[in-house]
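Here are my notes on this one, in the order I would go through it. Keep the structure open beside you as you read.

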Number of protein chains: 2
Amino acid sequence: MLSFTEENYLKCIFKLTEKTNHRVSTNAIAKVTGSSAASVTDMLKKLAEKELVDYARYKGVHLSPTGRHIATQLVRKHRLWEVFLVDKLGFSWDEVHDIAEELEHIKSDLLIERMDQFLGLPKFDPHGDPIPTASGKFTIRQQVPMNKASQGQRLVVLGVQEHSKAFLRYLDNLSIHIGTQLVIQEKNSFDQSMKVLIDDKHSQLLGEHICKKLLVNEI
Amino acid sequence: MLSFTEENYLKCIFKLTEKTNHRVSTNAIAKVTGSSAASVTDMLKKLAEKELVDYARYKGVHLSPTGRHIATQLVRKHRLWEVFLVDKLGFSWDEVHDIAEELEHIKSDLLIERMDQFLGLPKFDPHGDPIPTASGKFTIRQQVPMNKASQGQRLVVLGVQEHSKAFLRYLDNLSIHIGTQLVIQEKNSFDQSMKVLIDDKHSQLLGEHICKKLLVNEI
DNA sequence: TTTTATTTTTAGACTAATCAAAATTTATTT
DNA sequence: AAATAAATTTTGATTAGTCTAAAAATAAAA
């Protein structure tokens with residue numbers, strides 16, 4: 001049985017290696033966990049002892065198949081709880097991360113499978129991130145940062161690449177959420193801003209930052 | 001912010017002092033937590049330091065008003081989560097205790113108030129135990145152990161005084177649950193057993209143990 | 001009221017997770 | 001290739017929670 005802390009380290013390593021699949025350094029882990037490099041080293045040795053990571057002194061780590069599976073299930077639990085909080089309890093998408101961070105450590109496979117059923121087997125969480133299956137498979141779909149889209153295109157918002165409360169609240173104020181339709185009316189190359197029509201209702205100028213962080217697909 | 005462990009001690013002291021409101025001994029706590037008397041002493045000193053209990057060496061403890069409030073809120077959370085697991089996720093009443101034991105430590109007042117609303121402001125949990133309000137009030141109602149009832153009485157099951165899986169499963173097999181109606185057909189004084197008619201469907205002989213642990217009221 | 005038994009506390013030690021500071025290894029410059 | 005910088009590990013210590021064994025206080029019995 002893994003501790004809360006061990007689980008958090010596995011999830012952290014998972015998130016850091018997810019995209020590149022390269023080994024991740026001690027310092028990189030220390031930076032995101034907010035703990036010291038010394039603490040990270042200690043924990044990596046412990047996780048290596050349990051064969052959850054492949055660790056070599058001074059060379060960083062990556063997850064073993066078992067470690068990856070555990071981390072994936074933590075992500076599954078986190079995202080399913082987020083769906084529950086938003087869909088059933090009426091939380092907004094900027095309020096659920098911290099609570100789900102605690103709930104993901106509840107140890108019951110039956111609970112999470114029942115929850116999955118109860119929620120209608122959702123494939124994506126309230127931020128548009130894919131929910132892995134019990135066997136660890138993520139649904140992949142076509143999506144690009146909105147700044148890659150062209151003038152005149154009609155898009156649907158599928159996700160966000162930033163999860164900060166401030167960013168999510170800002171989108172809320174613009175009535176932009178998962179599923180919102182956007183039509184690109186103007187693309188200003190000098191500052192990378194875009195004028196978009198939101199859900200066929202009102203036009204809005206969006207800055208470069210927003211355009212890069214919104215994940216969309218053409219419809 | 002209290003630790004998981006500190007919360008568990010508070011809840012334990014609450015349960016031990018709930019009925020009598022007397023001070024509880026170190027050994028009594030050690031017995032139910034399964035930890036050593038030495039560990040209990042250490043923890044009592046820590047809780048006293050935080051003014052959550054009134055502790056005097058060799059004299060046992062009782063909860064301070066603050067300690068009692070925290071313990072009551074833990075009971076509230078535990079019982080609301082049990083309602084959720086049974087009513088929404090389809091767990092049976094013998095499966096929910098251990099999961100709720102973990103869930104009760106999730107730290108979010110908003111979460112528990114939203115959950116309360118979502119569940120329809122239940123006043124009792126799946127075992128018939130009262131759910132304290134956010135301000136700490138328990139609903140009181142008339143109920144007695146079934147062995148106190150007389151022949152010919154029509155009763156409704158309101159609760160149980162034993163929460164073991166074995167006991168709860170046994171009741172399930174007899175189709176006895178919260179809300180079941182029972183008519184006392186015979187009372188055997190020699191062995192304290194009773195013959196009862198269950199939900200006007202079938203008769204069943206219930207042993208002394210069952211009769212003492214079933215909480216009922218006349219209807 | 002002494003003696004004995006029980007309960008409780010203290011003392012000393014262990015594990016898990018953490019840190020700062022020192023030592024070591026690897027990477028980068030010169 | 002040597003010197004310097006950066007990253008990582010080791011060392012030694014701290015805190016929370018736990019334990020056993022010994023000591024102290026209280027309760028019960030003779």
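This is a predicted model: local features need pLDDT of at least 70, side-chain atom pairs count only at pLDDT 80 or more; totals for chains, interfaces and linings use all residues.

1. Strand S6(A), residues 193–198, and strand S7(A), residues 202–206, pair in the antiparallel sense, with 5 bridges between them. If you want a spot to check by eye, look at Val196(A): Gln204(A) of S7(A) is the residue it stands opposite.

2. Chain A has an open sheet of 6 strands, and reading across gives the order S3-S8-S4-S5-S6-S7, with antiparallel pairing. Which strands sit at the edges? They are S3(A), residues 144–145, and S7(A), and each of them pairs on one side only.

3. Over in chain B, an open sheet of 6 strands has the order S3-S8-S4-S5-S6-S7, with antiparallel pairing. Its edge strands are S3(B) (144–145) and S7(B) (202–206); each has a single partner strand, so one side of each is left without a neighbour in the sheet. Further in, strand S4(B) (residues 154–160) and strand S5(B) (residues 181–188) run antiparallel and are joined by 3 bridges.

4. Helix H4(A) (residues 65–88) and helix H6(A) (residues 109–118) have axes that come within 10 Å and cross at roughly 45°. H4(A) and H6(A) are therefore oblique to each other, and the crossing is left-handed. Among the residues making the contact are Leu80(A), Trp81(A) and Phe84(A) from H4(A), along with Leu111(A), Ile112(A) and Met115(A) from H6(A). Charged side chains join in as well, including Arg76(A) and Lys77(A) on H4(A) and Glu113(A) and Asp116(A) on H6(A). By class, this contact has 7 nonpolar, no polar and 5 charged residues.

5. How do H4(B) and H6(B) cross in chain B? The axes of H4(B) (residues 65–88) and H6(B) (residues 109–118) come within 10 Å, crossing at roughly 45°. That makes H4(B) oblique to H6(B), with a left-handed crossing. The contact includes Lys88(B) from H4(B) and Phe118(B) from H6(B). Its residues divide by class into 7 nonpolar, no polar and 5 charged.

6. Last, the two chains together. What rotation superposes chain A on chain B? A rotation of 180° does it, with 0.0 Å of shift along the axis and an RMSD of 0.0 Å. That is the relation of a two-fold axis. The same surface serves both copies, as 100% of the contact residues of chain A recur in chain B. To find the axis on screen, go to Leu103(A): of the residues of chain A, Leu103(A) comes closest to the rotation axis, with its C-alpha at 3.7 Å.

How values were computed: Residues are numbered from 1 along each chain as its sequence is written. Chains are lettered from A and ligands numbered from 1 in the order in which they are written. Side-chain values use heavy atoms; hydrogens and water are left out. Copies are superposed by least squares on the C-alpha atoms of residues with pLDDT of at least 70 in both. Contact means heavy atoms within 4.5 Å. Two strands pair if DSSP finds at least two bridges between them. Helices (H or I, at least four residues) and strands (E, at least two) are DSSP runs, numbered from the N terminus. Axes are lines fitted to C-alpha atoms, for helices over the stretch in contact, and angles run from 0 to 180 degrees between N-to-C directions. Angles under 35 degrees count as roughly parallel, over 145 as roughly antiparallel, 65 to 115 as roughly perpendicular and the rest as oblique. A crossing is left-handed if the near helix is turned anticlockwise from the far one by less than a right angle, and right-handed if clockwise.
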